Structures are given as structure tokens and as C-alpha cells.
Amino acid sequence: MTKVDLLVENASVYNSYLRHFQKRNVSILNGKFYWIGQDLSGIEAKRVINLDGKYLVPGLVDSHMHIESSMTTPTEFGKAVAKFGTTTVIADAHEIANVAGIKGLKEYMDLPSLIDVFYAIPSSVPSTNPQLETTGGIIAEKEVEELLDDSKIICLGEAMNFKGLTSEPDSLIRKLIAICRKKRPTMPIEGHSPKYLGEDLAKFIYSGVTSDHTQQTVESLLEKVSNGMFIQIQRKSMSRDIIQAIIANNLFEHVALVTDDVMADDLRYGHLNELVKMAINFGMSPADAVYISSYTPARRMGLWDRGAIAPGRVADFIVLDTLDDFTINAVYKSGVAIKDFESESKIKNVFSNELSNSVQANKLGITDLEIVTDVKNGTITANVIRISEVGTFTSKEKIPMEVKNYQVQWQNAGVALLVIQERYGNSGELTFGFVKNAITHAGAIAATWAHDHHNLMVMGTKLKDMVVAQNKIIDEQGGFVVARNEEIVANVPLPIGGVVSEEPIEILGATLATVRNEMRILGYKNTNEIMSFSTLSLLVSPALKMSDKGLFDVKTQTRVPLFEKK
């Protein structure tokens with residue numbers, strides 16, 4: 001007679017290897033699945049659960065995501081997502097690394113979590129190079145060598161520098177890939193390759209990158225898979241056409257559902273389980289939706305001990321009342337119900353100076369934000385960032401602006417002023433840009449949550465509001481705020497590196513929802529206002545973006561002047 005910790009009887013159990021459900025009993029010993037079968041008469045269990053035909057599926061595995069995108073710690077993140085069935089994540093903590101380098105990254109990685117958190121080596125810190133953007137840390141060869149000795153590290157995080165990958169033989173990203181290939185030959189090399197097709201895509205894959213998680217069309221999905229890429233499908237790629245293409249071309253071995261970035265206000269209501277529901281609604285069978293959200297991502301990342309209900313695998317599983325709407329009844333981590341884990345009182349972590357005192361910048365005044373030129377009176381043409389209402393891509397637009405007594409009258413041109421301030425205590429440099437289709441009413445938005453360099457970014461249509469917002473960010477050592485009528489009307493303090501809060505997700509999400517609503521009141525229109533604003537500083541996301549060093553064309557990484565010369 002074998003004694004086990006838990007016996008689950010009369011369940012409809014998902015078999016990842018056959019991709020269908022079977023009526024089975026499941027035994028669990030020491031946190032792992034032991035024996036799964038119809039007749040387990042030789043088993044004696046400390047505890048028995050009769051599921052009366054309910055469904056048993058593996059815990060969900062998110063193979064590409066960023067915990068800091070939820071503006072939280074691994075501790076609070078785990079509490080938030082476990083109840084939605086996510087039991088394992090592979091996190092690329094490049095936001096913390098950009099803010100505080102390897103020391104801050106290790107400090108963040110050491111924070112505890114209810115779920116299993118593995119990490120990617122941040123490959124793009126900075127996302128381009130120090131000549132284009134200032135960061136609080138750099139992950140180079142020495143740091144990668146050190147991180148590869150950490151068992152929590154299981155892949156190289158998203159390589160984003162197209163130029164470095166494809167046309168610069170001595171680029172940092174090429175050196176990092178070479179180090180990983182030498183020290184861990186089978187380690188996955190993750191990629192970020194938006195809109196690259198044809199020879200550009202071939203160059204990208206040739207560099208060693210073997211996955212992509214950016215927004216897909218049916219055409220890009222098929223081309224990338226046919227060229228050997230593993231595709232991670234995030235929410236903005238979720239459509240009926242994409243799901244039907246996966247089904248029609250039997251791509252289940254080559255795709256996985258991932259969350260990438262989930263805002264804290266959205267995280268209150270769901271995580272990877274929401275994408276599973278979407279896939280089912282778009283016509284994928286529940287069995288296949290479970291497969292690409294548990295087994296394929298685990299296998300992609302070399303996590304052979306999870307993603308399936310089978311002997312020796314970690315006993316992470318979800319009990320479902322119904323399949324078609326993926327209604328969760330209970331979630332188990334290592335054979336223990338999530339609800340049975342003792343809820344500890346909130347422990348206030350003590351963070352190092354690199355993370356707790358990272359905003360080293362001066363408060364600005366009105367005169368600091370005045371835009372002057374060498375033209376006394378007349379008209380000047382500005383290169384303007386034009387945002388869209390969907391996604392984070394931008395385009396460049398030329399807009400004439402009136403000049404009076406050397407001062408640019410940008411307020412009359414239907415644009416908002418964008419200012420980025422170096423905040424790591426180096427130059428304190430200010431750069432200026434203009435944004436079209438952003439906020440249209442009087443007010444300002446400011447944040448240190450500005451991908452990926454996370455310098456202090458302020459955008460507004462009224463200088464006094466911009467000053468109020470910038471000053472508040474300095475006072476709170478980072479955050480995301482909105483100002484109207486010279487008052488702060490929405491505020492999310494982010495004192496940990498200027499990008500993370502320790503507040504529970506319910507509280508953090510509620511305050512972030514207020515920021516989102518206030519942005520809409522100012523006229524900001526986008527499917528994700530928070531991310532749209534915060535990626536105006538992302539120099540690897542097409543097409544025109546800005547850093548503390550100026551405006552840049554993303555693909556060529558060349559500087560774009562604020563004003564055109566006559």
C-alpha cells in the first residue's frame with residue numbers, strides 16, 4: 001500500500017500528451033503527481049477529494065511576461081494571479097535592470113512569490129545603447145556571465161536591437177547571445193521582432209533569435225513559424241483570424257499564449273486565463289487552448305517538470321466547473337489549494353538605495369519648459385510623434401509652427417509638449433518633442449514608468465500642470481500622475497526604482513484605473529492609454545520615439561531633429 005498526500009477522484013483529467021480529457025483518478029505525493037489511472041486501489045491517501053466529474057487541467061505557464069509591467073513585486077503578483085490559475089511565469093525583469101542594473105535585478109529576483117517565477121536575462125539594458133538613452137544600469141558580458149550561474153535564469157530575454165542583431169558584428173547583443181550559446185547551448189533566445197518580414201526576418205532569425213511575441217498578422221504568423229520561430233501570442237494578437245490560422249495549419253506545437261504586459265487595473269480581473277477564454281471564444285477547442293497555455297510554453301522553456309498531469313511533474317493544477325467558459329473552481333500549487341496557503345501579514349521589504357532612492361533629478365519650473373529657436377519671427381517645421389488609437393506604434397508627421405520673438409507657439413499647433421528628463425543623477429538633461437493625437441484638453445501626464453530607460457517623462461498642453469506633475473514625481477521618488485487645473489487628480493506612487501509599488505494589486509489597480517480615467521478626460525485615446533504613453537520612450541518600437549538624448553528613428557537608430565532646417 002502506497003501512502004500519498006492527496007487523492008483526487010472522479011475527475012475528467014486533461015492528458016497533455018494525447019490532447020484530450022480522460023476519466024481518471026489522480027494521486028499526489030510530496031508536491032508532485034504520482035499515479036494517474038482509473039483504478040488506484042493500491043493507494044492510501046491522507047486526504048481524498050471527489051470532483052464528481054469536474055475537469056482537471058495543468059496550472060497555466062506564462063512564458064513571456066514582465067512583472068514590473070503590473071507595477072508590482074513578485075510577491076504581490078503571485079498573490080494576484082494564482083487564483084486565476086497561473087502557477088508558473090518566466091519573467092523578463094528588464095525594467096528593474098534598466099533602473100538599477102544587476103544589483104537591483106538580483107534584489108528583485110530574490111523577492112518571494114506564491115507561484116514559481118523563473119527569469120530571463122535582460123538582453124537589452126539599455127534597449128539600444130548609452131549613446132541613444134541613459135539608464136541606471138547596464139547588463140553586459142560580465143553581468144550575463146554572472147546571471148548564467150543562477151538556477152532561476154532559464155532564457156535570454158527578448159532581443160530587440162534590430163540593427164545590433166543584423167548589421168553590427170561587434171554589438172553587445174551579439175556578444176550576449178554568443179556567451180549564452182557557449183555556456184548554455186540549449187537555452188532559448190527570445191526575440192522582439194515587430195513587422196520584420198522577408199530578408200529582415202531572415203537576418204533576425206539568423207542571429208540566433210528563435211521566438212517572437214509582438215503583434216501578429218496571419219501572414220507574419222505563418223512566415224515566422226515556417227522559418228522556425230516559436231510564436232508567443234499576446235492579447236493584441238488575439239483575433240479570430242489568428243486563432244483560425246493556428247487551427248487550420250495545426251500550429252499547436254509552435255505557439256503559446258502569453259500576457260507580456262498586464263496593467264495592474266486589468267490584473268484585478270484575470271491573467272493568462274483570459275487569453276484561454278478568448279482562444280475558446282474564437283473557435284479553438286478547450287483542449288487545445290489548455291495545451292498552448294501550459295504544455296507548449298513549459299516545453300519551450302525546458303521546464304519538463306510541469307505543464308502536464310503526469311507522474312513526477314509538479315502538482316500544479318486547476319479544477320474547472322466548465323470547459324467552454326473556463327470557469328475556475330479551485331487552483332492547487334504543488335498539491336496544496338491556493339486558499340489553504342496561510343495569508344501572511346504584509347511585510348514591508350527594505351530595499352537598497354539603488355531601488356529606493358533612484359530618482360535623482362531637479363524639480364522643473366515654467367521657464368525650463370519654454371521652447372525657443374534661433375528664428376525670431378515666422379514659421380518653423382517640427383518633426384512630431386503621431387500616436388494611433390490602437391497599439392503602441394507611432395509615425396512621424398511634419399507640422400508647421402508659428403514663432404514669436406524666438407518662442408515656438410506650439411500650443412496653437414494642436415499638439416502636446418513631451419519632455420524627458422535624465423533622472424539617474426548624471427546630466428539631468430532635458431529633451432523636447434511634440435506629440436499629435438495625444439491629450440487635447442488642458443492638463444499633463446508624468447511618469448518614471450517610461451519604457452525602457454525609465455527616465456522622467458512629462459507630456460502636457462499646459463506648462464503649469466506639467467510643472468505640478470513633474471514636481472510630484474520627484475517628491476514621491478517615482479510614479480505615474482495626472483494633473484489638471486494645477487492639481488494632482490490621479491496618482492500612483494512607484495517608489496521602488498520609480499517603476500514598482502508594494503501595494504496589493506486591488507489597491508494599486510484601483511489607483512491606476514483613476515489615472516487611466518483621467519487620461520481619457522484629457523482626451524487621450526488608445527486601446528491602452530497607460531502603455532501608449534509609456535512607450536513613447538521605447539526606442540525599439542516603431543517608428544519615431546524619444547529618450548533623454550532626443551528623437552530617434554527606431555529602425556535606423558538615427559537622430560531626428562526637433563525642427564527641420566530650412
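A disulfide here is a pair of cysteine sulfur atoms within 2.5 Å. Searching the whole structure turns up zero of them. Cys-155 is in no disulfide, and the nearest cysteine sulfur, that of Cys-180, sits 9.2 Å away. Cys-155 has 1% relative accessibility and Cys-180 has 0%, so both count as buried; buried means under 20% relative accessible area, exposed over 50%, and partly exposed in between, using a 1.4 Å probe and protein chains only.

A word on the ground rules. This is a predicted model, where local features need pLDDT of at least 70 and side-chain atom pairs count only at pLDDT 80 or more, while totals for chains, interfaces and linings use all residues. Residues are numbered from 1 along each chain as its sequence is written, and side-chain values use heavy atoms, with hydrogens and water left out.

Next come the rings. A pair of aromatic rings is described by the distance of the centres and the angle of the planes. Rings of Phe, Tyr and Trp (its six-membered ring) pair if their centres lie within 6.5 Å; planes under 30 degrees apart are called stacked, over 60 edge-to-face, and the rest tilted. On that basis, the whole structure holds 13 aromatic pairs. One of them joins Phe-21 and Tyr-55 edge-to-face, at 5.6 Å centre to centre and with 80 degrees between the planes. Phe-21 belongs to strand β2 (residues 20-29) and Tyr-55 to strand β5 (residues 55-58), so this pair ties together parts that are 34 residues apart in sequence. Helices (H or I, at least four residues) and strands (E, at least two) are DSSP runs, numbered from the N terminus. Tyr-55 is partly exposed, with a relative accessible area of 24%. Phe-162 and Phe-204 make a stacked pair, because their ring centres are 6.4 Å apart and their planes are at 15 degrees. That pair also links distant parts of the chain, with Phe-162 in helix α4 (residues 162-167) and Phe-204 in helix α6 (residues 198-206), 42 residues apart. Both Phe-162 and Phe-204 are buried. Back at Tyr-55, ring pairs link Tyr-14, Phe-21 and Tyr-55 into a cluster. Arg-19 has its charged end over the ring of Tyr-291, 5.0 Å from the ring centre; a charge sits over a ring if NZ of Lys or CZ of Arg is within 6 Å of the ring centre and within 35 degrees of the ring normal.

Now for the sheet. Strands of a sheet pair through backbone hydrogen bonds, either parallel or antiparallel. Two strands count as paired if DSSP finds at least two bridges between them. Nine strands build an open sheet with mixed pairing, in the order β19-β18-β17-β21-β20-β23-β22-β24-β25. Its edge strands, β19 (407-408) and β25 (487-493), each pair on one side only. Strand β23 (residues 456-460) is antiparallel to strand β20 (residues 416-421), over five bridges, and also to strand β22 (residues 444-447), over four bridges. Val-458 in β23 is the bridge partner of Val-419 and stands opposite Ala-446 too.

What about the interior? In soluble globular proteins, nonpolar side chains tend to be buried together. A nonpolar core is a set of buried Ala, Val, Leu, Ile, Met, Phe, Trp, Tyr and Cys residues joined through side-chain atoms within 4.5 Å. The largest one has 167 residues, of which Leu-221, Ile-246, Phe-434, Met-459, Phe-480 and Phe-533 touch the most other members. Helix α2 (residues 94-109) gives this core its largest share, eight residues. At least three core residues come from each of domain 1 (59-308) and domain 2 (358-560), with bounds taken from an automatic or database domain assignment.

Two helices round out the picture. Helix α1 (residues 74-82) is mostly covered, with eight of its nine residues buried, among them Glu-76 and Phe-77. Helix α10 (residues 272-281) has seven of its ten residues buried, so the rest of the structure largely encloses it. Those buried in α10 include Leu-272, Asn-273 and Ile-280. After α10 comes Gly-283, with a positive phi near 110 degrees.
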